[in-house]
Amino acid sequence: GLVNQVVSQLIPAIRSKDDGFGSVERLGAGSYYEHVKISEPNEFDIMLVMPVTRLQLDESDATGAYYYLTFKRNPKEKHLLKFLDEDGKLSALKMLQALREIIKQEVKNIKNVEVTVKRKKAGSPAITLQIKNPPADISVDIILTLEVQQSWPPSTRDGLKIEQWLGRKVRGDFRNKSLYLVAKQNKKEKVPRGNTWRLSFSHIEKAMLNNHGSSKTCCEADGPKCCRKGCLKLLKYLLEQLKMKHTKELEKFCSYHVKTAFFHSCVTWPDDTDWHWGDLEHCFQRYLGYFLDCLQKSQLPHFFIPQYNLLSLEDKASNDFLSRQINKQLNNGFPIFQE
């Protein structure tokens, strides 16, 4: 409720203060909206979505996930031209700075809730709000997102292999949805200029999680229950707890690694009968086995961009460390779940 109150006050202000942001809409993303939140609902991701008709996408590296964006001739979006850099690329940095300034001014006008804008984290695509809500604060990540009405780039062609799991038609429907790009700095760039954007599929991920059965009625009120989400929540919790214990060693990992491994597992075991509600322990161990295998090989392909490996070999030491910690838990009957 608090988050909605704050965000619904911010959006009209953002729209009116800068014509560049005149058409933003909000979209809830992340675990809270996918119903796989595991601890207190104290972290929210809100995507601020801006529709753009057409852009030229140029890959900024070999991952197929990061792009430079330029406008085609005579763009409809004249109001965005002021955010171009000297090479004519749409600058994520300029847009985020402008948005951050508006939000910083506007939170001062929010009555009866104490809201502050947290200091900028280098390379983070988010503007983070802190909402005072004793005993614990709520943090809200506002993520600037472009919604482009054009087909997905070639790097996604062999991704989203859900034919056996959710069906060919569903895959086609997903691929016909808009393309989302978030203002995310590519860490691989020698000189970060703040003009790269990363593909985002959170709208599709949310749809897959909320409609995850190979049969249409899986987990509906009167349908058969499966344990897919239960497994995902367990592994998310395991990683979260291990990260709290070994913050430095595991800083490279986030819940997206676990979620990606989860989608691959849903494809490997596509039937609802593979995830019987009563078989939670067996299913969890199987999914965990898949994740451990990925860690051991330092190989976890992005679910939508298969050429993009989320566990690179240069992080082999971290991958091995996490693998050892998980195996320790596995061999001792998961003491971390009892704590």
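Here is a short walk through a helix pair and a cavity in this predicted model. Residues are numbered from 1 along each chain as its sequence is written. In this predicted model, local features need pLDDT of at least 70 and side-chain atom pairs count only at pLDDT 80 or more, while totals for chains, interfaces and linings use all residues; side-chain values use heavy atoms, without hydrogens and water.

Let's begin with the helices (DSSP runs of H or I, at least four residues, numbered from the N terminus). Two packed helices are described by the angle between their axes and the distance between the axes. Helix 5 (residues 228-245) packs with helix 6 (residues 255-268) at about 150 degrees, and their axes lie 10 Å apart. The axes are lines fitted to C-alpha atoms over the stretch in contact, with angles from 0 to 180 degrees between N-to-C directions. Helix 5 and helix 6 are therefore roughly antiparallel, a label for angles over 145 degrees.

Which residues meet in this pair? Arg228, Leu232, Leu235, Lys236 and Leu239 of helix 5 meet Ser255, Val258, Lys259, Phe262 and Cys266 of helix 6, where contact means heavy atoms within 4.5 Å.

The structure holds 1 cavity of 30 Å³ or more; a cavity is a set of points on a 1 Å grid over the protein atoms alone where a 1.4 Å probe fits but cannot get out, and lining residues have an atom within 4 Å of a point. Val7, Leu10, Ile11, Ile14, Ile46, Leu48 and Ile142 line the largest cavity. Helix 1 gives the most to this lining, with 4 residues.

Conventions:
Helix = DSSP H or I, 4+ residues; strand = E, 2+ residues; numbered from the N terminus. Parallel < 35°, antiparallel > 145°, perpendicular 65-115°, else oblique. 1 Å grid on protein atoms, 1.4 Å probe; cavity = no way out; pocket = protein on both sides within 12 Å on 5 of 7 lines; lining within 4 Å. Points joined across faces, edges and corners; volume = space filled by probe spheres on them.
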